[in-house]
Amino acid sequence: MIDTITIDGPAGSGKSTIGQGLAKALGFLYFDTGVMYRAVTLAALQRNIDPHDEGAVSALAEGIHIEVNPPAKDDGRQYTVLLGDDDMTWDIRSEPVDDNVSIVSAYPRVRDAMVAQQRRIAARGRVVMVGRDIGTVVIPNADLKIYLDASVEERARRRALELHRRGEQISYDDVLASLRERDRLDSTRAMSPLKPADDAVIVDCTEMDAQDTLEYVLRIVSQRSAAAAAKD
């Protein structure tokens, strides 16, 4: 009944936290689509392809096979990322990948290639897919689409607190400015701008903590599942 769920929303809205919790509660695959762009970036670096070489990187993206599966090891991972037959779950989190993934993910042919692979994985069902254009572009026919939002001030407060807990020294004002700029870029880009799907359920979690938000979304899933069962 409810087999594919998308969670979109702006940076810092809690998509990853809610997506992980929802997938765990339902026994679904948690799929952060950003890992695919990280895998392409890693593949390019491994092959000594300059990330700024759009043609070479795009051709590479169109020719590689990426899988995202449930965790294969109990080492803290949320999923297992395979590049070909190789487990690259932790390698895609390296600093060189961090430094170049934004360049690679902006290439139209790379995005087209990754959307095709994301759809292939989504077609298996039992998946919670998280990103910024999943309900609008990647799987617009998903059974349930959630658009998770919160005020930019609250998102900045949460992000600053998270960074401080990691020992990073950054001011709230700097985080707020960064998120405002990220929102502007995400919502005005020509390709796949950030926006709720027309049939998305918009969840404003400004006044809710993570647990309250997860419970709220789980109620939505339950209601949708019951409605679908009643139709059958």
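**Helix pair**

I looked up α2 and α3 first: α2 passes α3 in a right-handed crossing (the near helix is turned clockwise from the far one by less than a right angle). Helices here are DSSP runs of H or I with at least four residues, strands are E runs of at least two, and both are numbered from the N terminus. This is a predicted model, with local features needing pLDDT of at least 70 and side-chain atom pairs pLDDT 80 or more, while totals for chains, interfaces and linings use all residues. Numbering starts from 1 along each chain as its sequence is written, and side-chain values use heavy atoms, without hydrogens and water.

From α2 I noted Val40, Ala43 and Ala44, which meet Val57, Leu60 and Ala61 of α3 (contact: heavy atoms within 4.5 Å).

**Sheet**

Next I traced the open sheet: five strands, order β2-β6-β1-β7-β8, parallel pairing (strands pair if DSSP finds at least two bridges between them). I marked β2 and β8 (201-204) as the edge strands, each pairing on one side only.

Which residue of β6 is the bridge partner of Leu29? I found Val127. Four bridges join β2 to β6 (residues 127-131).

I also checked helix α9 (residues 210-231), which packs on the sheet and touches β1 (4-8), β7 (144-149) and β8.

Key
Axes fitted to C-alpha atoms, helices over the stretch in contact; angles between N-to-C directions.
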